[in-house]
Amino acid sequence: MNSHSQPSTNTPIFQNGTAPVLEISNKGKMEEIQRRPGQSEINGSFLDILLALAENARLLVFGSLGVGLCALAIGFMVPQTYQSVSVLQADPSTASVMLTAAVLDPVIVSLGLGKDIAVDEARRQLRDQIKTSVGRTDKLLTLTVSAGSPQQAQTIATAVIQRTFQESRPKGTVRLRLEAQLAEARARFKNAQVVGQILYQQLGGSGTGTNARAEVARGYAELLGATSAAQNQIVLLEAQLEGLSDAQLVQLPTLPDNPSHPKKGLIAISATLTAGLALLIFIFIRQSLRNTLVSGTNSEKLLRIRKSMGLG
């Protein structure tokens, strides 16, 4: 028997007697790598993005900054607005009274607002400058007036408040009725005081019996209650006749130092960020179109799309 083993008949051999096992194995591995997405493709896409950003870095930076500077310049050109704020103790209905023609029209006339426009338009513009709000917890009425200068905003706010005070006072027959009720309440209060003095003297007298003294004491106590009620009614009627006044002012109309609008810094930052995002999207779309035009397969797809849409 031959001591050397014979090569298998199923394994092909070259003329030198060696089998191509290594070449077949390497070829299979290369085909497997080509069939699945490789790390090189991922790296290539990432490098394409970096390349697009690097090539358009100046456009991104200087374009965004240019838009931001233009927005800042426009912000300086826009007329500035100042706000005067005042706070007063009043019913929620007072906020509605401030926006009525009975309040706004006299303010327009006294301050000379809207000389070259119709009264309705002037009233609408002034109403747009006024904002009112009532706190949920403290029930305080806040009046905010906007104008082109600090002095004008404060002047309009003061005029609106004073005119609102005048409108809060009763007029006509309502005032006459309240004045009559006030006169009657004062008369009752004065009579009660006189009777109270008499009863008080009787309580201090020595000639009064025990039962009579008890009756006088009971009458004096009832009289004190009636006197207190008459006094409270007098205070209420006087408040209704007086209406709102400076006593209800918690905060006088302020004189603003800085404009409330426009926010130039915020406008510039927002414009810069928006422009940067828009330029970034533009760069990616343009790069994608370039890559699409280079690819033959994608070019064929684009051609088919154009044909289906009747564009070519």
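**Exercise 1. Which residues of the largest nonpolar core touch the most other members?**

Start with the ground rules. This is a predicted model, where local features need pLDDT of at least 70, side-chain atom pairs count only at pLDDT 80 or more, and totals for chains, interfaces and linings use all residues. Residues are numbered from 1 along each chain as its sequence is written, and side-chain values use heavy atoms, with hydrogens and water left out.

Step 1. A nonpolar core is a set of buried Ala, Val, Leu, Ile, Met, Phe, Trp, Tyr and Cys residues joined through side-chain atoms within 4.5 Å. Buried means under 20% relative accessible area, exposed over 50%, and partly exposed in between (1.4 Å probe, protein chains only).

Step 2. Read off the residues. The largest core has 24 residues, and Leu-88, Leu-126, Ile-130, Leu-143 and Val-160 touch the most other members.

Step 3. Find the elements. Helices (H or I, at least four residues) and strands (E, at least two) are DSSP runs, numbered from the N terminus. Those giving two or more residues to this core are α5 (101-111), α6 (119-129), β3 (140-147) and α7. Helix α7 supplies the largest share, seven residues.

Step 4. Look elsewhere. A second, separate core has eight residues, including Ala-185, Phe-189, Ile-234 and Leu-241.

**Exercise 2. List the contacts of Leu-88.**

Step 1. Contact means heavy atoms within 4.5 Å.

Step 2. Leave aside neighbours within four places in sequence. Leu-88 then meets Met-98, Leu-140, Leu-141, Phe-165, Gln-248, Leu-249 and Val-250.

**Exercise 3. Is Ser-245 buried or exposed?**

Step 1. Locate Ser-245: the loop between α9 (210-242) and β4 (249-251).

Step 2. Apply the cut-off. Ser-245 counts as buried because its relative accessibility is 16%.

Step 3. Ser-245 and Arg-169 are 76 residues apart in sequence, and 9.6 Å apart in space, C-alpha to C-alpha.
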